[in-house]
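The following questions and answers concern the structure shown below. Please read each question before turning to its answer.

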Amino acid sequence: MKIWIVTVLIVFGSVISVSSTEPEKKLNTAENANYLTPLEKEVVYEINLFRSNPAKYAEEFIAPLAKYYEGRILHYPGDIAIKTNEGVGALYECVRELKKARSLDILQPSEALSLAAGDHQKDQENTGNTGHSGSDRSDLKIRIERYGSWQDRIAENIAYGNTSARQIVIFLLIDDGVKNRGHRTNLLHPAFKNVGIACGKHPVYRTMCVMDFAGGIIKK
C-alpha cells in the first residue's frame, strides 16, 4: 500500500492560493504563520475547509473518487495507483458518516504544536521509522510538553506517501484499513482548537505529514 496512517489520542481530565471571499479568508488561519511552509499552510486550510462543512466536503471531494477504484486499486487522479485494504467500501462508509456530521469550529495554527510535530517528522526522516514513538523514546505528550502546556486533550495523525494537502486530508478521513477510524475521529473532534503541522521527507514512503492537535496550548 502506498500510504500508512497512524493515530494516537491522549485525554487529560479537565504558498496557498485562495480567493478573497470572506468565508475562505476565515478558513485561512495559517496565512501569517511564518513558521509553516506553504504546504503546511495548505494542510491547515484543508482541515478547516473540511471542518467548516463535513457533508459538503465529502460530496464535493471524496465521493467523486469512487469512479477511480478498480477493485482494491485506487487510480488517484494525477498520482500513481494505490493499493487499498478495503476498496471503495471504505470511501462509501466515509461519505455516509460525513454527511451526518455537523460543522465544527475551525482550527488555529500553533507554533508549539508545529515544533512538536517537526521533532517527530525530522526524527523519522532520519531513521525511516513509522508510528508515534520517537527514536529517543518520546511520545506525543513528551514532544508537546517540550514547547508548551496543553489543555483538555491532545492527539496526533501521521500520513505517509501523500502528494498534496487535499490528498493528505482525504486519505486520513477515509482511513482505509484502520478499524476504529481514529484519524477521522481526530479530524472531527469538537474539542480541538489548535493544530500543528510538519510535512517533510521520509526515506521509505517519500513524504510524510504529522498533525498534532490540542484543545488548547500555551507556548513556553
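Angles under 35 degrees count as roughly parallel, over 145 as roughly antiparallel, 65 to 115 as roughly perpendicular and the rest as oblique. The model is predicted: local features need pLDDT of at least 70, side-chain atom pairs count only at pLDDT 80 or more, and totals for chains, interfaces and linings use all residues. Residues are numbered from 1 along each chain as its sequence is written, and side-chain values use heavy atoms, leaving out hydrogens and water.

Q: How are helix 3 and helix 7 oriented to each other?
A: Their axes (lines fitted to C-alpha atoms, for helices over the stretch in contact, with angles from 0 to 180 degrees between N-to-C directions) come within 12 Å and cross at roughly 110°. Helices here are DSSP runs of H or I with at least four residues, and strands are runs of E with at least two, numbered from the N terminus. Helix 3 and helix 7 are therefore roughly perpendicular.

Q: Which residues of helix 7 meet helix 3?
A: Contact means heavy atoms within 4.5 Å. From helix 3, Y57, F61 and I62 take part. Their partners in helix 7 are R166, V169, I170, L173 and I174.

Q: Where in helix 3 do the buried residues lie?
A: Buried means under 20% relative accessible area, exposed over 50% and partly exposed in between, with a 1.4 Å probe and protein chains only. In helix 3 (residues 54–62), P54, Y57, A58 and I62 are buried. Seen down the helix axis, the directions to their C-beta atoms fall within an arc of 100°, so these residues line one face of the helix.
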